[in-house]
Amino acid sequence: MSSKIRDYNKLAVDILNELGGEKNIVTVSRCATRLRLVTQHTPDHAKENIAKLPGVITVVEKGGQIQVVIGTHVDKVYNAFTQLINTDNKVTNNDKANILNRVIATMSAVFAPFVYVLAASGILQGILILIKLGFPKVESTSTYKIFDFISWAPFFFLPIFIAITASQHFRCNIYIAVACCAALLSPTWTKLAELIKEGAEIDLFGIVLSETLYNSTVLPPLFLVWLLSYLERFLEPRLHSIIKPLLMPLICLVIMVPSTLIAIGPITANAAHYIANGYNWVVNLAPYIAGGLIGAVWQVLVIFGVHWGITPVITENINQYGQDSFQAFQTIAVIGQVGAALGFYIKTKTQEMKGVSLSAFITGLFGITEPAIYGVNLRFKKPFIYGCICASLGGIVAGFFTPYYYTYAALPGPLTIVNAIKPDNMSSFFGVAIGSAIALIGPVILIQIFGTGETKQDIANTKDDTPKILLDEVEITSPMTGKALPLSEVPDPAFAQKLMGEGIAIEPTDNHVYAPFDGEVTAVFESSKHAIGLTLDNGVELLIHVGIDTVNLTNNEFEYHIELNQKVKKGDLLISFNPDAIKQAGYPLITPIIIVNTDQYQLISLTDKTDVTINDIIFKIKQ
């Protein structure tokens, strides 16, 4: 594993460059711990080079994606990465991905953005379960009822969340997608479905409707949005621009909602129902075998990134039956890797790995095991194997208690064990608790007996590899002429809130960008040529971003006068641009100049001048 992340923009730029630049990126998404990228092709040695970058735990190429495992900071890297590419013009298909890979990639892209919302909902439900168990009378109070419906709201309105993320994945209008899925949750349709269930015959265009309800469903809204994307692409060139804003949503609503009520909804809902029933049949036949198998292989599936594929089964079980056994066994599998990280922490003698394993253990308490798997367990092999073995044993033991989860956990782990509590079936909780104890304690014991898997070379190689930066004060001149502004006035939150780093902005009065110091070009953006990354000889890493959202401009508004990895001298011309064309396209010219390795310095002084030229100092920096 590489060293600690120093800055997220630099990491995003490095990943983009290793993957061949913006033109090679097909789609980008993220989950709880991974940056997930689909590319036209994978450059030679890209995986190995990215895995060595500071802040990257490992790189996995599975499910039609290049998955860069980063850990809990992935959101910051994702935000920085999406600032560097034109996400609106990305290709939506990937010829090399088979159907299974596409399904897995889709489930990941759809669920990952809101998985923490569902996890929070599950934890709140667990807290309410404990409160109700200790104080039974509280269930009749209005306070309990209010918090109860709050905890169930994200799950009930799951189709709305899916509409938002699926529309981004399939690249269709988010508001039309939400409108279509919201119609399925209408109280009027709920009443009509209840009448159908009671025997009434209700038809649409003469076609008798089924009693399918869509709250908490996964597949119906997912397929609705997928087909909606094709309908929008069909209508786009055929509607006049004047009437398109009105007719597009109108046509989509009157086609997609009835189509879902008639066919899409019943077919996909029944498919999810039958799949869930198939799994339940296997579990009911031999729950201890299912528990042992899930405990042994679940974290292996996480390695390959295919674990999102089980989501429809889990949600269907909760929706239809109010209980699900898979997450009960899944929790034990997660805790097996948490126990392995804890055992490693206790046994290892190296301070670096003590810090890594402790961090991985704490993260695992929240159901996120990638840092434990890639940062510790799989890296040294023995801990991962011990975790899987003990999780399998724990799953087998739990299986004899026929355990269930009674709420959706999203990120099952130690904190969600309470979701197995049900007063009239306490054996469920006991089964999960005993199985989890075996999974947690077993790896700790095995690692103390048989070791961590570290070699003498591993121990010898643990050293501080943080790059050294000059201690002297560094002065950086302006790369362009114009009016100096604070970042807070930049009309983009990523820059204005300094998420990309400390810096300054310039409203240019000239159309050239010059090198402010001797250094090397470390990042270019060939599609738009709107920005440049520099690593200066004094250790400062700069991002010069001409204009806001100008990544969308690809009609030669910008021109590079340098190449990637080229050495430059102070005053060399880097970029020239057409300010009139940029303004006519509707983009601000204000240019953020960011010190992307801000956190490596203690003091950064910004100029107080209003008007600056290329000879004026805009930064004074000291470590």
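# Strands, helices and rings in a predicted model

Opposite K483 stands E507, a residue of strand β9.

The model is predicted: local features need pLDDT of at least 70 and side-chain atom pairs count only at pLDDT 80 or more, while totals for chains, interfaces and linings use all residues. Residues are numbered from 1 along each chain as its sequence is written, and side-chain values use heavy atoms, with hydrogens and water left out.

User: How many bridges pair strand β8 with β9, and in which sense?

Analyst: Strands (E, at least two residues) and helices (H or I, at least four) are DSSP runs, numbered from the N terminus. Two strands pair if DSSP finds at least two bridges between them. For β8 (residues 482-485) and β9, the number of bridges is 4 and the sense is antiparallel.

User: Why is strand β9 described as largely enclosed by the rest of the structure?

Analyst: A residue is buried under 20% relative accessible area, exposed over 50% and partly exposed in between (1.4 Å probe, protein chains only). Strand β9 spans residues 502-508, and it is largely enclosed because the number of its 7 residues that are buried is 6.

User: Which residue of β17 stands opposite A505?

Analyst: Strand β17 (residues 591-595) is joined to β9 by 5 bridges, and the two run antiparallel. Opposite A505, the residue in β17 is P592.

User: How many residues of strand β2 are buried, and which of them point the same way as R34?

Analyst: Strand β2 (residues 34-39) is mostly covered, with 6 of its 6 residues buried.

User: Which residue of β4 stands opposite L35?

Analyst: β2 pairs with β1 (residues 25-30) in the antiparallel sense over 5 bridges, and there I25 has T39 as its bridge partner in β2. β2 also pairs with β4 (residues 65-69), again in the antiparallel sense, over 4 bridges. Opposite L35, the residue in β4 is V68.

User: Why are helices α11 and α12 roughly perpendicular?

Analyst: Axes are lines fitted to C-alpha atoms, for helices over the stretch in contact, and angles run from 0 to 180 degrees between N-to-C directions. α11 (residues 244-285) and α12 (residues 287-303) pack with their axes 5 Å apart, at an angle of about 110°. Angles under 35 degrees count as roughly parallel, over 145 as roughly antiparallel, 65 to 115 as roughly perpendicular and the rest as oblique. The relation of α11 to α12 is therefore roughly perpendicular.

User: What is the make-up by class of the contact of α11 with α12?

Analyst: Contact means heavy atoms within 4.5 Å; from α11, Y279, V283, N284 and L285 meet P287, A290 and I294 of α12. Ala, Val, Leu, Ile, Met, Phe, Trp, Tyr, Cys and Pro count as nonpolar, Asp, Glu, Lys and Arg as charged, and the others, Gly among them, as polar. By class, this contact of α11 with α12 has 6 nonpolar, 1 polar and no charged residues.

User: Is G399 buried or exposed?

Analyst: G399 lies in helix α17 (residues 382-399). Leaving aside neighbours within four places in sequence, G399 is in contact with P287, Y288 and F329. Since its relative accessibility is 2%, G399 counts as buried.

User: What is the angle between the ring planes of F429 and F430?

Analyst: Rings of Phe, Tyr and Trp (its six-membered ring) pair if their centres lie within 6.5 Å; planes under 30 degrees apart count as stacked, over 60 as edge-to-face and the rest as tilted. The whole structure holds 15 aromatic pairs. The pair of F429 and F430 is tilted, with 6.0 Å centre to centre and a plane angle of 55°.

User: Which residue of β20 stands opposite E475?

Analyst: β7 and β20 (residues 617-622) run antiparallel and are joined by 4 bridges. Opposite E475, the residue in β20 is K620.
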